[in-house]
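Thanks for coming, everyone. Please have a look at it first.

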Amino acid sequence: MASLRLDDIVIHQGQHRLLSLDTTVAPGEVLTVMGPSGVGKSTLLAFIAGFLSPTFQAQGRVLLDETRIDTLPAEQRHVGLLFQDPLLFPHLDVAGNLAFGMVREGTRRQRRERIHEALASVGLEAFAGRDPATLSGGQKARVALLRVLLSQPRAILLDEPFSKLDAERRGEIRHWVFERVREHRLPTLMVTHDEADAQAAGGRIITLDAEQ
Amino acid sequence: MSTAVAYRLVVGVLPWLTIALLSVPVVAGVLGALAPAFGWLPVLGGERLTLVPWRQLFAVPGLVDMARLSLVTGLASAALSLGLVVLFLGSFLHTPLYRRVQRWLSPLLAVPHAAAAIGLAFLLAPSGWVARGLSPWVTGWQYPPDFAFPGDAWGLSLILGLVIKEVPFLLLMSLAALVQCQARERLTVARTLGYRPLTAFLKGVMPGLYPLLRLPLYAVVAFATSTVDVAMILGPTTPPPLAVSVVGWLNDPALSMRFMASAGAMLQLLLTLTALLIWWTLERLVARVSRGWCRDGRRQCGDRWLAGIAWLAMRTVLGLMMAALAGLALWSVAGYWPFPAFLPWPPTAHNWLNAADDLVAPVWQTLGVALAATLVSVVLVLGALEAETQRRRPMRPWAQLILYLPLLVPSVAFLFGLVMMQAQVGVRPGLGAVIIGHAVFVLPYVFLSLAESHRRLDPRWSQQARSLGAGPWRVFWHVRLPLLLTPVLTAAAVGFAVSVGQYLPTILLGAGRVVTVTTEAVSLASGGDRRLTAIYALLQLLLPAIGFMLAMLVPRYVFRRRRDLLPGTD
């Protein structure tokens, strides 16, 4: 599996230098980026995923192993993204949401079986035909991660992914997500406010400061 | 990869097509009327520049009265509508009444001008429903009294007819504007500082709200000073407002009258510009005068009285509209209905059965034109909005102005020029020209109706989809469009209703070959057959109503098992 290389990245907002970063995330490693709000954590993720707003200017390169991806359109980067909301498409059922992100290979039947296996692996096999609106917060979070994993990403970005879960579920989901990421040996970059998230990730922690 | 390029190309081109559709006909039309106004129209033998058309125009008896009538009814109806809307919002924004009224806005707005005007005319005529309701026990009338209403020389019925249509329009426009200027927050702050609700609204919200309502208000002024169909039904006839006369001159069999008619169209343009200038001056004056008033610290200004007036006036406006529509239904099933009987008894299906055969063709033509114009508009608007989202840049002020262009330039002035150009270039009038003409008026409404929802759509939906590997087309068709299905259908229903209600573009660009329920209703309204007129006016209502019903039911069916997308859950 590939590692995610952030090569000399500097992001400006007009004259203001927002952040700079140079690091490599190894396969299966969870790198945590912390810092006060407004410091540009989410901007960093937007840049890596390919959604940087034109009000920002970025320099540097993003590489998956030797492949440069920051010049590719977002849909060709194979970078999975999890927001703090699960963002399950409300017009599709659970299986439809999983199918949306799946790579179109194999027969329709094979794809349906893979969806079924994935749901069964998290104990949600009965939920394939359900309206996402009827799922609990924890169930939605699981489906959202399954959807990302089924799209066969080569790296994962987590944007405060646990902040909206209630306290008792948070630890459990967090543990489960990190376990999956390691199991798939995906380089993972997590942005968070929460010290406990960072502790649970158990990897390096980079703290961004407000720069001048 | 090539599909992504195709997407960029389409999304890059559609905004320019939109701008072209909104501006080219208007600009070309004005120029097309300007040249003949100075005698230049080779196809009719006018090859020299001259002032003769203007001299002819100024020799028309009663011209000053026509112009004054247009100016006064236009400005008065716009001012009354604005006053009513402001008082109502100020007094009731924080109450459940506001929510109830809000629910009725879209359907009310969908009532075509002509249908509302015909209903109002039947309601207020000497033998109308109001007179019947009061006779003979209040008035003592055994026979219909002899007064000219509608069609009074002052234009009061015309003003009333314009107000009942403009109030829903302004209310609907203020819905989005209120959110945009954070009206609720402003109101809360002012009220916690001890201001009474209406005073809080006038002093705390209005200064932020008015600039957002400025363009819709200018559109109202422009429409009211230049309306043809409403004025033909409710306005005085000796003389009529200027725009009605101009259409009369254009339809004059003597082709030489066209030069004078062009001058008349230009005069109408100047008149509307004058009205806008007067409005703008008053706006400045009020702004200056109220600057001190806003900070004088007084917490109330007859709030209770004004709230009472607002409540009564809004009730009257909505009540008149409802009664007008109910009256239409009664006339359509009336057999023998002598004055002062309140209800026609027994009701009969005779009128409908008799008319049935003649209804088919106009209904099909109305449907065809409206569906085509709506489809064109929805595609262009979606393209323009997608481009805006993609560039992540709000609309420029000049683009906003272009959007309002067809609503600000009197339609008589530019449609007329288009007809002249058609003749000059040799384009045959007919269905195609009518569809384009309708789209010019439909597009702004579709845009205004859809833009807010489109801009509010969370950008993370498409980001999530793209990070899952979906290209731009897939994101549009499989994510953005389904999420926007309800507002898109609503916007389409609004556009459809606008098209159904168009009178002037159908008459002028179709050269009489395209007959819709609206052209039939308007031409029947001046005749004596109230029963048949009522039937066509009701059809004008019925078609948009079906559109709105579909716009409501289709998402409910498609998303019946998708709780988050069911309309009315938020």
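Let me start with a question: how many bridges join strand β4 of chain A to β5(A), and do these strands run parallel or antiparallel? Two bridges join them, and the strands run antiparallel. β4 covers residues 57-64 of chain A. One pair to look for is A:Leu64, which stands opposite A:Thr67 in β5(A).

Before I go further, a caution. This is a predicted model. Please keep that in mind throughout.

Now put that pair of strands in context. They belong to an open sheet of four strands in chain A. The order is β2-β1-β4-β5, with antiparallel pairing. The edges are β2, residues 16-25, and β5, residues 67-68, of chain A. Each of these edge strands pairs on one side only.

Next, the other sheet in chain A. This one is open too, with five strands. Read the order as β6-β7-β8-β3-β9, and here the pairing is parallel. β6, at 79-82, and β9, at 205-207, are the edge strands in chain A. Again, each pairs on one side only. How much are neighbouring strands of this sheet turned against each other? On average by 20°, with direction ignored.

β6(A) pairs with β7 of chain A, residues 155-159, in the parallel sense over four bridges. A:Gly80 has A:Ile156 in β7(A) as its bridge partner. Go one step on. β7(A) is joined by four bridges to β8, residues 188-191 of chain A, and these two run parallel. In that pairing, A:Leu158 has A:Met190 in β8(A) as its bridge partner.

Stay on β7(A) for a moment. Is it mostly covered or mostly open? Mostly covered: five of its five residues are buried. In a regular strand, side chains alternate between the two faces of the sheet. Here is how that looks in this strand. A:Ala155, A:Leu157 and A:Asp159 point one way from β7(A). A:Ile156 and A:Leu158 point the other way. Both sets are buried. Note that A:Asp159 is in the buried set.

Step back to chain A as a whole. It has six helices and nine strands. Its radius of gyration is 17 Å, close to the 17 Å that the globule rule gives for 212 residues, so chain A is as compact as a globular protein of that length. The C-alpha trace spans about 55 × 40 × 30 Å along its principal axes. Of the 212 residues, 40% count as buried. And take the contacts in chain A between residues at least 6 apart in sequence: 72% of them join residues at least 24 apart.

Over to chain B. It is divided into two domains. Domain 1 takes 1-34 + 355-561, and domain 2 takes 63-328. Their C-alpha centres lie 24 Å apart. Across the boundary, 36 residues of domain 1 are in contact with 35 residues of domain 2.

Which elements build the domain 1 side? Those giving two or more residues are α1 (2-37), α15 (397-408), α16 (411-425), α20 (485-501), α22 (517-525) and α23 (530-558) of chain B. α23(B) gives the most, with nine residues. By class, this side of domain 1 has 26 nonpolar, eight polar and two charged residues.

B:Met552 is found in α23 of chain B. Is B:Met552 buried or partly exposed? Burial takes 20 or more other C-beta atoms within 10 Å. B:Met552 has 16 within that distance, so it is partly exposed. For a landmark, take B:Pro487, 65 residues away along the chain. Its C-alpha atom is separated from that of B:Met552 by 9.8 Å.

That's the tour. I'm happy to go back to any view.

Key
Residues are numbered from 1 along each chain as its sequence is written. Chains are lettered from A and ligands numbered from 1 in the order in which they are written. This is a predicted model: local features need pLDDT of at least 70, side-chain atom pairs count only at pLDDT 80 or more; totals for chains, interfaces and linings use all residues. Domain bounds come from an automatic or database domain assignment. Two residues are in contact if their C-beta atoms, placed from the backbone, lie within 7 Å. Ala, Val, Leu, Ile, Met, Phe, Trp, Tyr, Cys and Pro count as nonpolar, Asp, Glu, Lys and Arg as charged, and the others, Gly among them, as polar. Two strands pair if DSSP finds at least two bridges between them. Axes are lines fitted to C-alpha atoms, for helices over the stretch in contact, and angles run from 0 to 180 degrees between N-to-C directions. The radius of gyration is taken over C-alpha atoms; the globule rule is 2.2 Å times the number of residues to the power 0.38. A residue is buried if 20 or more other C-beta atoms lie within 10 Å of its own, exposed if 12 or fewer, and partly exposed in between; C-beta atoms are placed from the backbone.
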